[in-house]
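Here is a friendly walk through one protein model. Keep the sequence and the 3D view open as you read.

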Amino acid sequence: MSKKQKNNPAAKPKPEFIFQKRNYLFMFIGLACIALGFILMSGGGGDDPNVFNEEIYNFRRIRLAPTLVLIGLGIEIYAILLNPHKKKK
């Protein structure tokens, strides 16, 4: 702090948000991936509880949907750790 700022109590530093527009953009993308993964995971049940439905074991529910959820969580972690104040070269 300079002497001018120490002597003038009215000169307070401007508060800034921790996250900027870029952080929120990546957070929205990660949230969309997670939501899409859960949507793809849903369904597969049968109408009759006495009849087993093999659709619950298809590629979409076992591989694709959980992978999308994990990718979305990774994007969320990246969005939180992203430093928006870092200068681009």
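**Terms and model**

A crossing of two helices is left-handed if the near helix is turned anticlockwise from the far one by less than a right angle, and right-handed if clockwise. Helices (H or I, at least four residues) and strands (E, at least two) are DSSP runs, numbered from the N terminus.

This is a predicted model, in which local features need pLDDT of at least 70, side-chain atom pairs count only at pLDDT 80 or more, and totals for chains, interfaces and linings use all residues. Residues are numbered from 1 along each chain as its sequence is written, and side-chain values use heavy atoms, with hydrogens and water left out.

**Overall picture**

The protein has three helices and zero strands, giving the pattern α-α-α along the sequence. Of its 89 residues, 17% are buried (under 20% relative accessible area; exposed is over 50%, partly exposed in between, with a 1.4 Å probe and protein chains only). Contact here means heavy atoms within 4.5 Å. Among contacts between residues at least 6 apart in sequence, 76% join residues at least 24 apart.

How confident is the predictor? The mean pLDDT (confidence in each residue, from 0 to 100) is 85 for the protein, and 87% of the residues score at least 70. Among the elements, H3 has the highest mean, 96, while helix H1 (residues 3–7) has the lowest, 57.

**How H2 and H3 pack**

Two packed helices are described by the angle between their axes and the distance between the axes. Axes are lines fitted to C-alpha atoms, for helices over the stretch in contact, and angles run from 0 to 180 degrees between N-to-C directions. Helix H2 (residues 21–41) and helix H3 (residues 59–81) pack at about 165 degrees, and their axes are 8 Å apart. That angle makes H2 roughly antiparallel to H3 (over 145 degrees; under 35 is roughly parallel, 65 to 115 roughly perpendicular and the rest oblique).

The crossing of H2 and H3 is left-handed. By class, their contact has 20 nonpolar, four polar and four charged residues. Ala, Val, Leu, Ile, Met, Phe, Trp, Tyr, Cys and Pro count as nonpolar, Asp, Glu, Lys and Arg as charged, and the others, Gly among them, as polar.

**Two residues in H3**

Is Gly-72 buried or exposed? Gly-72, in helix H3, counts as buried, at 0% relative accessibility. Not counting residues up to four places away in sequence, Gly-72 touches Gly-30, Cys-33 and Ile-34. Gly-72 and Leu-36 are 36 residues apart in sequence, with their C-alpha atoms 9.3 Å apart in space.

Arg-60 also has its place in helix H3. Arg-60 is partly exposed, with a relative accessible area of 32%. Setting aside neighbours within four places in sequence, Arg-60 is in contact with Leu-40, Ser-42 and Ala-65.

**After H3**

Which residues does His-85 contact, leaving aside its neighbours within four places in sequence? They are Glu-16, Phe-17 and Gln-20. His-85 lies in the segment after H3 and is partly exposed, at 44% relative accessible area. His-85 and Ile-18 are 67 residues apart in sequence and 9.7 Å apart in space, C-alpha to C-alpha.

How values were computed
pLDDT is the predictor's confidence in each residue, from 0 to 100.
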